[in-house]
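Here is a short report for a first look.

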Amino acid sequence: MFIVFEGLDGSGKSTQVDILEKKLKEISIDAVTLREPGSTPLGEQILEILESKYELNPIMEFMLFSLSRSAIIEQKIKPLLNQDKIVICDRYFYSSIAYQGAGRNLDTNLIENINNKIVSDIIPDLVIYLDLNWEEKLNRKGIDINDRFEKEDENFHNNVRSCYLEMSEKEPDRWIVIDANNDVDYISNLIYSKISKYL
């Protein structure tokens, strides 16, 4: 089973990924968590570039994410799924559609064509989207001016959020939208109840 978490930074994705992994291991289910970008030697090097002060235009940014994505699919996700593992990934190709597409206004046809080549049939069974509005995001995390996405304005983040919600509406059987303003325990219990139906 392949599960992906998506959402704005500050929505609690990483926290919920960790909680879900622990809950699954408590019932002797072997779950492996990954993050994008990262989780491979190449991905970690790309993450360093993305977290640096290098100036990147939208196409450069997208190509770096795509390169990391290709590595994680080929070196991690495919082998793990072939071993019947449950794979939990913090972000996937949906992030590029939202951030580089809706956020950076990069050509959506370009993003779609490259994503299709890289991703092929490795599509998640479930996408858990933690929905967070701009005001709550500011209350939780504020603005990190050193982060290439966090330093963007309200309009950027609203466009990203709207894109996520549009994607969720197109695939309601695959996407689970959760209000990230809820309590951490409430959210984790809700996620587990949704996933347990598939186990």
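## An enclosed strand

In strand β1 (residues 2-7), 6 of the 6 residues are buried, so the strand is largely enclosed by the rest of the structure. Buried means under 20% relative accessible area, found with a 1.4 Å probe on protein chains only. F2, V4 and E6 point one way from β1. I3, F5 and G7 point the other way. Strands are DSSP runs of E, at least two residues long, and helices are runs of H or I, at least four; both are numbered from the N terminus.

This is a predicted model: local features need pLDDT of at least 70, side-chain atom pairs count only at pLDDT 80 or more, and totals for chains, interfaces and linings use all residues. Residues are numbered from 1 along each chain as its sequence is written, and side-chain values use heavy atoms, without hydrogens and water.

## Its two partners

β1 runs parallel to strand β3 (residues 86-90), joined by 4 bridges. There, F5 has D90 as its bridge partner. β1 also runs parallel to strand β4 (residues 126-131), with 5 bridges. I3 stands opposite L126 in β4. Two strands pair if DSSP finds at least two bridges between them.

## The second largest pocket

The second largest pocket holds about 410 Å³ of space. Of its 17 lining residues, F93, Y94, I97, E112 and M167 are the closest to its centre. A pocket is an open set of points on a 1 Å grid over the protein atoms alone, where a 1.4 Å probe fits, with protein on both sides within 12 Å along at least five of seven lines; lining residues have an atom within 4 Å of a point. The volume is the space filled by probe spheres set on the points.

α4 (93-103), α5 (108-119) and α7 (154-170) each supply at least two lining residues. α5 gives the most, with 6 residues.

Terms used:
Buried means under 20% relative accessible area, exposed over 50%, partly exposed in between (1.4 Å probe, protein chains only).
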